[in-house]
Number of protein chains: 2
Amino acid sequence: MRLYLGLIHFPVYNKNLETIASAVTTLDIHDISRLARTYGAKQLLVVTPLTDQRELVQRIKRHWTQGYGASYNPDRKEAIELVQVAHSIDKARQYIKQNEGEDPICIATDASGSVGRLMTFDEARVLVRGGSPVFIYFGTAWGLHRGVLEEADYVLEPVYGPTDYNHLSVRAAAAIIIDRLVRA
Amino acid sequence: MRLYLGLIHFPVYNKNLETIASAVTTLDIHDISRLARTYGAKQLLVVTPLTDQRELVQRIKRHWTQGYGASYNPDRKEAIELVQVAHSIDKARQYIKQNEGEDPICIATDASGSVGRLMTFDEARVLVRGGSPVFIYFGTAWGLHRGVLEEADYVLEPVYGPTDYNHLSVRAAAAIIIDRLVRA
(Lines give C-alpha, C1' and ligand atoms only; values in the text may rest on other atoms or scores of the structure.)
Protein backbone atom coordinates (compact mmCIF):
# COMPACT_ATOMS: atom_id res chain seq x y z
CA MET A 1 0.00 0.00 0.00
CA ARG A 2 1.38 3.37 -1.03
CA LEU A 3 -1.24 5.65 0.43
CA TYR A 4 -0.90 9.40 1.00
CA LEU A 5 -3.49 11.55 2.74
CA GLY A 6 -3.99 15.24 2.05
CA LEU A 7 -5.62 17.88 4.22
CA ILE A 8 -6.46 20.77 1.93
CA HIS A 9 -6.87 24.38 3.09
CA PHE A 10 -6.99 25.96 -0.38
CA PRO A 11 -8.99 26.20 -2.56
CA VAL A 12 -12.01 25.47 -0.36
CA TYR A 13 -15.37 27.15 0.17
CA ASN A 14 -16.59 29.16 3.09
CA LYS A 15 -20.21 29.12 4.24
CA ASN A 16 -21.20 31.60 1.51
CA LEU A 17 -19.55 29.49 -1.23
CA GLU A 18 -16.72 31.97 -1.66
CA THR A 19 -13.29 30.51 -2.37
CA ILE A 20 -10.94 30.90 0.58
CA ALA A 21 -7.76 29.61 2.19
CA SER A 22 -8.95 28.22 5.53
CA ALA A 23 -6.97 28.41 8.76
CA VAL A 24 -5.23 25.27 10.00
CA THR A 25 -7.03 23.58 12.91
CA THR A 26 -4.39 22.11 15.20
CA LEU A 27 -6.59 19.20 16.22
CA ASP A 28 -6.99 18.15 12.57
CA ILE A 29 -3.24 17.65 12.33
CA HIS A 30 -3.21 15.46 15.43
CA ASP A 31 -6.29 13.43 14.56
CA ILE A 32 -5.50 12.79 10.92
CA SER A 33 -1.79 12.04 11.46
CA ARG A 34 -2.75 9.45 14.07
CA LEU A 35 -5.24 8.05 11.60
CA ALA A 36 -2.51 7.91 8.94
CA ARG A 37 -0.17 6.09 11.33
CA THR A 38 -2.88 3.64 12.46
CA TYR A 39 -3.77 2.69 8.89
CA GLY A 40 -0.27 2.59 7.46
CA ALA A 41 -0.42 5.67 5.22
CA LYS A 42 3.00 6.94 4.20
CA GLN A 43 2.44 10.64 4.76
CA LEU A 44 -0.10 13.31 5.63
CA LEU A 45 0.33 16.30 3.34
CA VAL A 46 -1.04 19.52 4.80
CA VAL A 47 -1.71 21.90 1.92
CA THR A 48 -1.87 25.66 2.40
CA PRO A 49 -0.49 28.59 0.39
CA LEU A 50 -0.29 30.77 3.53
CA THR A 51 3.24 31.10 4.87
CA ASP A 52 2.21 31.66 8.50
CA GLN A 53 -0.03 28.59 8.40
CA ARG A 54 2.73 26.41 6.97
CA GLU A 55 5.01 27.70 9.73
CA LEU A 56 2.37 26.84 12.32
CA VAL A 57 2.27 23.25 11.06
CA GLN A 58 6.08 23.06 11.06
CA ARG A 59 6.14 24.37 14.63
CA ILE A 60 3.65 21.72 15.75
CA LYS A 61 5.74 19.10 13.99
CA ARG A 62 8.98 20.26 15.61
CA HIS A 63 7.41 20.37 19.06
CA TRP A 64 6.16 16.77 18.91
CA THR A 65 9.08 15.25 17.03
CA GLN A 66 12.12 17.10 18.42
CA GLY A 67 11.00 19.26 21.31
CA TYR A 68 9.67 18.45 24.74
CA GLY A 69 6.66 16.72 23.19
CA ALA A 70 8.78 13.97 21.64
CA SER A 71 9.75 12.56 25.01
CA TYR A 72 6.46 13.53 26.67
CA ASN A 73 4.44 11.49 24.19
CA PRO A 74 6.33 9.12 21.85
CA ASP A 75 3.06 7.77 20.34
CA ARG A 76 2.23 11.24 19.15
CA LYS A 77 5.74 11.63 17.75
CA GLU A 78 5.26 8.56 15.57
CA ALA A 79 2.11 10.09 14.10
CA ILE A 80 3.27 13.68 13.67
CA GLU A 81 6.43 12.50 11.91
CA LEU A 82 4.21 11.64 8.94
CA VAL A 83 3.20 15.29 8.46
CA GLN A 84 4.58 17.26 5.51
CA VAL A 85 3.52 20.71 4.38
CA ALA A 86 2.94 21.70 0.77
CA HIS A 87 2.08 25.00 -0.94
CA SER A 88 -0.54 23.52 -3.22
CA ILE A 89 -2.19 20.30 -4.30
CA ASP A 90 0.10 20.28 -7.37
CA LYS A 91 3.20 20.57 -5.18
CA ALA A 92 1.89 17.73 -3.02
CA ARG A 93 1.43 15.54 -6.10
CA GLN A 94 4.96 16.36 -7.27
CA TYR A 95 6.29 15.44 -3.85
CA ILE A 96 4.55 12.06 -4.01
CA LYS A 97 5.81 11.49 -7.56
CA GLN A 98 9.38 12.16 -6.40
CA ASN A 99 8.94 9.72 -3.52
CA GLU A 100 7.25 6.99 -5.51
CA GLY A 101 8.72 7.34 -8.99
CA GLU A 102 5.29 7.70 -10.57
CA ASP A 103 2.25 9.95 -10.48
CA PRO A 104 -0.24 9.11 -7.76
CA ILE A 105 -3.85 8.37 -8.56
CA CYS A 106 -5.71 11.31 -7.03
CA ILE A 107 -9.00 10.70 -5.26
CA ALA A 108 -10.81 13.74 -3.89
CA THR A 109 -13.52 13.44 -1.25
CA ASP A 110 -16.71 15.47 -1.14
CA ALA A 111 -19.97 15.34 0.76
CA SER A 112 -22.13 16.32 -2.22
CA GLY A 113 -21.39 13.56 -4.71
CA SER A 114 -22.44 15.82 -7.58
CA VAL A 115 -19.14 16.82 -9.25
CA GLY A 116 -16.35 14.86 -10.95
CA ARG A 117 -15.83 11.17 -11.82
CA LEU A 118 -17.53 9.43 -8.90
CA MET A 119 -16.01 6.25 -7.55
CA THR A 120 -17.59 3.82 -5.06
CA PHE A 121 -15.87 2.72 -1.85
CA ASP A 122 -15.47 -0.79 -3.32
CA GLU A 123 -13.71 0.58 -6.41
CA ALA A 124 -11.46 2.86 -4.36
CA ARG A 125 -10.61 -0.02 -2.04
CA VAL A 126 -9.35 -2.07 -4.98
CA LEU A 127 -7.22 0.88 -6.12
CA VAL A 128 -5.72 1.57 -2.69
CA ARG A 129 -4.81 -2.09 -2.20
CA GLY A 130 -3.60 -2.52 -5.77
CA GLY A 131 -0.08 -1.18 -5.26
CA SER A 132 -0.15 2.11 -7.17
CA PRO A 133 0.50 5.28 -5.21
CA VAL A 134 -2.83 6.80 -4.24
CA PHE A 135 -3.39 10.32 -2.92
CA ILE A 136 -6.70 10.81 -1.10
CA TYR A 137 -7.55 14.33 -0.08
CA PHE A 138 -9.96 15.96 2.26
CA GLY A 139 -11.26 19.50 2.19
CA THR A 140 -11.55 21.72 5.26
CA ALA A 141 -14.14 24.49 5.88
CA TRP A 142 -17.19 23.96 3.61
CA GLY A 143 -15.39 21.58 1.28
CA LEU A 144 -13.09 21.37 -1.73
CA HIS A 145 -13.53 23.82 -4.60
CA ARG A 146 -15.30 22.24 -7.56
CA GLY A 147 -12.23 22.84 -9.74
CA VAL A 148 -10.31 20.45 -7.48
CA LEU A 149 -13.04 17.82 -7.79
CA GLU A 150 -13.10 18.18 -11.59
CA GLU A 151 -9.31 17.86 -11.87
CA ALA A 152 -8.98 14.85 -9.57
CA ASP A 153 -8.79 11.43 -11.21
CA TYR A 154 -11.78 10.37 -9.14
CA VAL A 155 -14.14 11.71 -6.50
CA LEU A 156 -15.12 9.25 -3.80
CA GLU A 157 -18.83 8.74 -3.15
CA PRO A 158 -20.03 10.59 -0.02
CA VAL A 159 -20.16 8.94 3.40
CA TYR A 160 -23.69 8.11 4.49
CA GLY A 161 -25.12 6.32 7.46
CA PRO A 162 -28.77 5.22 7.47
CA THR A 163 -30.06 8.84 7.41
CA ASP A 164 -29.98 11.56 4.75
CA TYR A 165 -27.81 13.78 6.99
CA ASN A 166 -24.12 13.76 6.10
CA HIS A 167 -22.53 16.78 7.75
CA LEU A 168 -19.56 15.11 9.37
CA SER A 169 -16.43 16.90 10.50
CA VAL A 170 -13.37 16.36 8.31
CA ARG A 171 -11.85 14.45 11.25
CA ALA A 172 -14.76 12.00 11.42
CA ALA A 173 -15.19 11.71 7.65
CA ALA A 174 -11.48 11.00 7.11
CA ALA A 175 -11.53 8.32 9.82
CA ILE A 176 -14.56 6.56 8.34
CA ILE A 177 -13.25 6.77 4.77
CA ILE A 178 -9.79 5.42 5.58
CA ASP A 179 -11.27 2.62 7.68
CA ARG A 180 -13.62 1.62 4.84
CA LEU A 181 -10.79 1.65 2.29
CA VAL A 182 -7.97 0.05 4.25
CA ARG A 183 -9.28 -2.22 7.02
CA ALA A 184 -8.62 -5.89 6.44
CA MET B 1 -32.34 1.00 16.18
CA ARG B 2 -32.35 2.49 19.67
CA LEU B 3 -28.76 3.63 19.92
CA TYR B 4 -27.33 6.06 22.48
CA LEU B 5 -23.78 7.36 22.47
CA GLY B 6 -21.91 8.44 25.59
CA LEU B 7 -18.89 10.71 25.90
CA ILE B 8 -17.40 10.05 29.31
CA HIS B 9 -15.24 12.54 31.23
CA PHE B 10 -15.23 10.65 34.55
CA PRO B 11 -13.84 8.28 35.64
CA VAL B 12 -11.03 8.30 33.08
CA TYR B 13 -7.27 8.09 33.30
CA ASN B 14 -4.70 10.78 32.75
CA LYS B 15 -1.30 10.10 31.23
CA ASN B 16 0.05 8.82 34.58
CA LEU B 17 -2.87 6.41 35.04
CA GLU B 18 -4.39 8.54 37.77
CA THR B 19 -8.18 8.73 37.86
CA ILE B 20 -9.46 12.14 36.84
CA ALA B 21 -12.45 14.08 35.54
CA SER B 22 -11.27 15.41 32.18
CA ALA B 23 -12.25 18.78 30.75
CA VAL B 24 -14.84 18.91 27.99
CA THR B 25 -13.35 19.50 24.53
CA THR B 26 -15.79 21.63 22.57
CA LEU B 27 -14.88 20.03 19.27
CA ASP B 28 -15.78 16.57 20.64
CA ILE B 29 -19.34 17.73 21.22
CA HIS B 30 -19.64 18.99 17.66
CA ASP B 31 -17.97 16.03 16.00
CA ILE B 32 -19.73 13.29 17.93
CA SER B 33 -23.18 14.89 17.83
CA ARG B 34 -22.87 15.18 14.05
CA LEU B 35 -21.81 11.55 13.98
CA ALA B 36 -24.86 10.63 16.11
CA ARG B 37 -27.18 12.54 13.76
CA THR B 38 -25.58 11.02 10.63
CA TYR B 39 -25.97 7.46 11.92
CA GLY B 40 -29.42 7.83 13.48
CA ALA B 41 -28.44 7.60 17.16
CA LYS B 42 -31.14 8.91 19.48
CA GLN B 43 -28.94 10.94 21.80
CA LEU B 44 -25.38 11.85 22.74
CA LEU B 45 -24.98 11.78 26.51
CA VAL B 46 -22.08 13.90 27.74
CA VAL B 47 -21.12 12.61 31.20
CA THR B 48 -19.27 14.78 33.71
CA PRO B 49 -19.66 15.32 37.45
CA LEU B 50 -18.23 18.86 37.20
CA THR B 51 -20.91 21.53 37.38
CA ASP B 52 -18.98 24.11 35.35
CA GLN B 53 -18.34 21.56 32.61
CA ARG B 54 -22.02 20.58 32.45
CA GLU B 55 -22.86 24.27 32.19
CA LEU B 56 -20.35 24.67 29.37
CA VAL B 57 -22.07 21.90 27.41
CA GLN B 58 -25.49 23.43 28.09
CA ARG B 59 -24.21 26.79 26.89
CA ILE B 60 -22.92 25.27 23.66
CA LYS B 61 -26.25 23.53 23.22
CA ARG B 62 -28.25 26.71 23.79
CA HIS B 63 -26.08 28.70 21.41
CA TRP B 64 -26.54 26.28 18.52
CA THR B 65 -30.17 25.33 19.14
CA GLN B 66 -31.74 28.61 20.34
CA GLY B 67 -29.19 31.36 19.95
CA TYR B 68 -27.65 33.00 16.93
CA GLY B 69 -26.09 29.68 15.93
CA ALA B 70 -29.46 28.06 15.27
CA SER B 71 -30.19 30.32 12.31
CA TYR B 72 -26.52 30.63 11.31
CA ASN B 73 -26.15 26.89 10.88
CA PRO B 74 -29.33 24.76 10.94
CA ASP B 75 -27.36 21.57 10.15
CA ARG B 76 -25.39 22.03 13.35
CA LYS B 77 -28.63 22.65 15.27
CA GLU B 78 -29.98 19.27 14.17
CA ALA B 79 -26.88 17.58 15.56
CA ILE B 80 -26.45 19.54 18.79
CA GLU B 81 -30.12 18.96 19.66
CA LEU B 82 -29.17 15.35 20.36
CA VAL B 83 -26.82 16.38 23.21
CA GLN B 84 -27.84 15.70 26.82
CA VAL B 85 -25.69 16.10 29.90
CA ALA B 86 -25.53 13.61 32.75
CA HIS B 87 -23.74 13.60 36.12
CA SER B 88 -22.56 10.02 35.85
CA ILE B 89 -22.72 6.90 33.73
CA ASP B 90 -25.39 5.55 36.09
CA LYS B 91 -27.52 8.66 35.62
CA ALA B 92 -27.11 8.34 31.87
CA ARG B 93 -28.32 4.72 32.02
CA GLN B 94 -31.32 5.76 34.12
CA TYR B 95 -32.15 8.44 31.59
CA ILE B 96 -32.08 5.90 28.77
CA LYS B 97 -34.20 3.47 30.80
CA GLN B 98 -36.79 6.21 31.33
CA ASN B 99 -36.82 6.97 27.62
CA GLU B 100 -36.94 3.40 26.43
CA GLY B 101 -38.82 1.58 29.16
CA GLU B 102 -36.00 -0.91 29.66
CA ASP B 103 -32.35 -1.01 30.67
CA PRO B 104 -29.93 -0.42 27.80
CA ILE B 105 -27.25 -2.94 26.98
CA CYS B 106 -24.03 -1.11 27.86
CA ILE B 107 -21.01 -1.47 25.59
CA ALA B 108 -17.84 0.31 26.65
CA THR B 109 -15.02 1.01 24.21
CA ASP B 110 -11.33 0.73 25.01
CA ALA B 111 -8.11 0.72 23.03
CA SER B 112 -6.43 -1.97 25.13
CA GLY B 113 -8.78 -4.92 24.75
CA SER B 114 -7.53 -6.40 28.01
CA VAL B 115 -10.36 -5.76 30.51
CA GLY B 116 -14.03 -6.85 30.67
CA ARG B 117 -16.22 -9.11 28.53
CA LEU B 118 -14.84 -8.49 25.05
CA MET B 119 -17.23 -8.40 22.13
CA THR B 120 -16.34 -8.40 18.43
CA PHE B 121 -17.62 -5.79 15.97
CA ASP B 122 -19.77 -8.46 14.30
CA GLU B 123 -21.42 -9.38 17.61
CA ALA B 124 -21.97 -5.73 18.57
CA ARG B 125 -23.46 -5.06 15.14
CA VAL B 126 -26.06 -7.76 15.68
CA LEU B 127 -26.94 -6.25 19.07
CA VAL B 128 -27.23 -2.68 17.79
CA ARG B 129 -29.47 -3.73 14.92
CA GLY B 130 -31.49 -6.14 17.07
CA GLY B 131 -33.91 -3.59 18.50
CA SER B 132 -32.83 -3.44 22.16
CA PRO B 133 -31.66 -0.08 23.50
CA VAL B 134 -27.87 0.00 23.33
CA PHE B 135 -25.60 2.50 25.06
CA ILE B 136 -22.09 2.71 23.59
CA TYR B 137 -19.64 4.87 25.45
CA PHE B 138 -16.32 6.43 24.72
CA GLY B 139 -13.67 7.58 27.16
CA THR B 140 -11.84 10.87 26.88
CA ALA B 141 -8.25 11.63 28.05
CA TRP B 142 -6.27 8.34 28.38
CA GLY B 143 -9.37 6.17 28.39
CA LEU B 144 -12.12 4.75 30.61
CA HIS B 145 -11.31 3.61 34.13
CA ARG B 146 -11.08 -0.17 34.39
CA GLY B 147 -13.99 -0.21 36.86
CA VAL B 148 -16.20 1.13 34.05
CA LEU B 149 -14.99 -1.56 31.69
CA GLU B 150 -15.60 -4.28 34.28
CA GLU B 151 -19.12 -3.06 35.02
CA ALA B 152 -20.20 -2.67 31.39
CA ASP B 153 -22.17 -5.53 29.87
CA TYR B 154 -19.54 -5.74 27.13
CA VAL B 155 -16.33 -4.10 26.01
CA LEU B 156 -15.94 -3.68 22.28
CA GLU B 157 -12.76 -5.02 20.69
CA PRO B 158 -10.25 -2.24 19.90
CA VAL B 159 -10.09 -0.55 16.51
CA TYR B 160 -7.11 -1.62 14.46
CA GLY B 161 -5.97 -0.87 10.96
CA PRO B 162 -3.24 -2.96 9.34
CA THR B 163 -0.57 -1.78 11.83
CA ASP B 164 -0.04 -2.40 15.55
CA TYR B 165 -0.53 1.31 16.33
CA ASN B 166 -3.98 2.21 17.65
CA HIS B 167 -3.72 5.63 19.26
CA LEU B 168 -6.70 7.28 17.62
CA SER B 169 -8.46 10.36 18.96
CA VAL B 170 -11.86 9.73 20.55
CA ARG B 171 -13.36 11.66 17.63
CA ALA B 172 -11.81 9.33 15.05
CA ALA B 173 -12.38 6.15 17.06
CA ALA B 174 -16.05 6.98 17.66
CA ALA B 175 -16.56 7.67 13.95
CA ILE B 176 -14.96 4.39 12.88
CA ILE B 177 -16.80 2.35 15.52
CA ILE B 178 -20.23 3.76 14.73
CA ASP B 179 -19.67 3.32 11.00
CA ARG B 180 -18.65 -0.31 11.50
CA LEU B 181 -21.68 -1.03 13.70
CA VAL B 182 -24.41 0.87 11.90
CA ARG B 183 -23.64 1.26 8.19
CA ALA B 184 -25.89 -0.72 5.89
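B:Leu17 is exposed, with a relative accessible area of 61% (exposed means over 50%, buried under 20% and partly exposed in between, using a 1.4 Å probe and protein chains only). B:Leu17 is not a glycine, yet its phi is positive at about 60°. The model you are looking at is predicted, so local features need pLDDT of at least 70 and side-chain atom pairs count only at pLDDT 80 or more, while totals for chains, interfaces and linings use all residues. Residues are numbered from 1 along each chain as its sequence is written, chains are lettered from A and ligands numbered from 1 in the order in which they are written, and side-chain values use heavy atoms, with hydrogens and water left out.

**Backbone features worth a look**

- You will find B:Leu17 in the loop between strand 2 and strand 3 (19-20) of chain B (strands, E, have at least two residues and helices, H or I, at least four; both are DSSP runs numbered from the N terminus).
- B:Ala141 also has a positive phi, about 50°, without being a glycine.
- The loop between strand 8 (133-139) and helix 7 (146-151) of chain B holds B:Ala141, which is partly exposed at a relative accessible area of 46%.
- In chain A, the peptide bond from A:Phe10 to A:Pro11 is cis, with omega near -10°; A:Pro11 sits in the loop between strand 1 (2-8) and strand 2 (12-13).
- In chain B, B:Phe10 and B:Pro11 are joined by a cis peptide bond with omega of about -10°, and B:Pro11 is in the loop between strand 1 (2-8) and strand 2 (12-13).

**How the two chains meet**

- The same surface serves both copies, as 100% of the contact residues of chain A recur in chain B (contact means heavy atoms within 4.5 Å).
- Chain A gives 35 residues to the contact and chain B gives 35 residues.
- Between them the chains bury about 3100 Å², 57% of it on carbon and sulfur atoms (buried area is the accessible area, with a 1.4 Å probe, that two parts lose on being put together, summed over both).
- A:Arg34, A:Thr38 and A:Tyr165 supply 20% of the area that chain A buries against chain B, more than any other three residues.

**Core and cysteines**

- The largest nonpolar core has 79 residues, and those touching the most other members include A:Ile136, A:Leu181, B:Leu5 and B:Ile178 (such a core is a set of buried Ala, Val, Leu, Ile, Met, Phe, Trp, Tyr and Cys residues joined through side-chain atoms within 4.5 Å).
- Beyond four places in sequence, the contacts of A:Leu181 include A:Phe121, A:Val128, A:Ile136 and A:Leu156.
- A:Cys106 is buried at 0% relative accessibility, and B:Cys106 is buried with a relative accessible area of 0%.
- Zero disulfides turn up over all chains (a disulfide is a pair of cysteine sulfur atoms within 2.5 Å).

**Two strand residues in chain A**

- A:Gln43 belongs to strand 4 (residues 43-47) and is buried at 10% relative accessibility.
- A:Ala86 is in strand 5 (residues 83-86) and is buried at 8% relative accessibility.
- Among the residues that A:Ala86 touches beyond four places in sequence are A:Val46, A:Val47 and A:Lys91.
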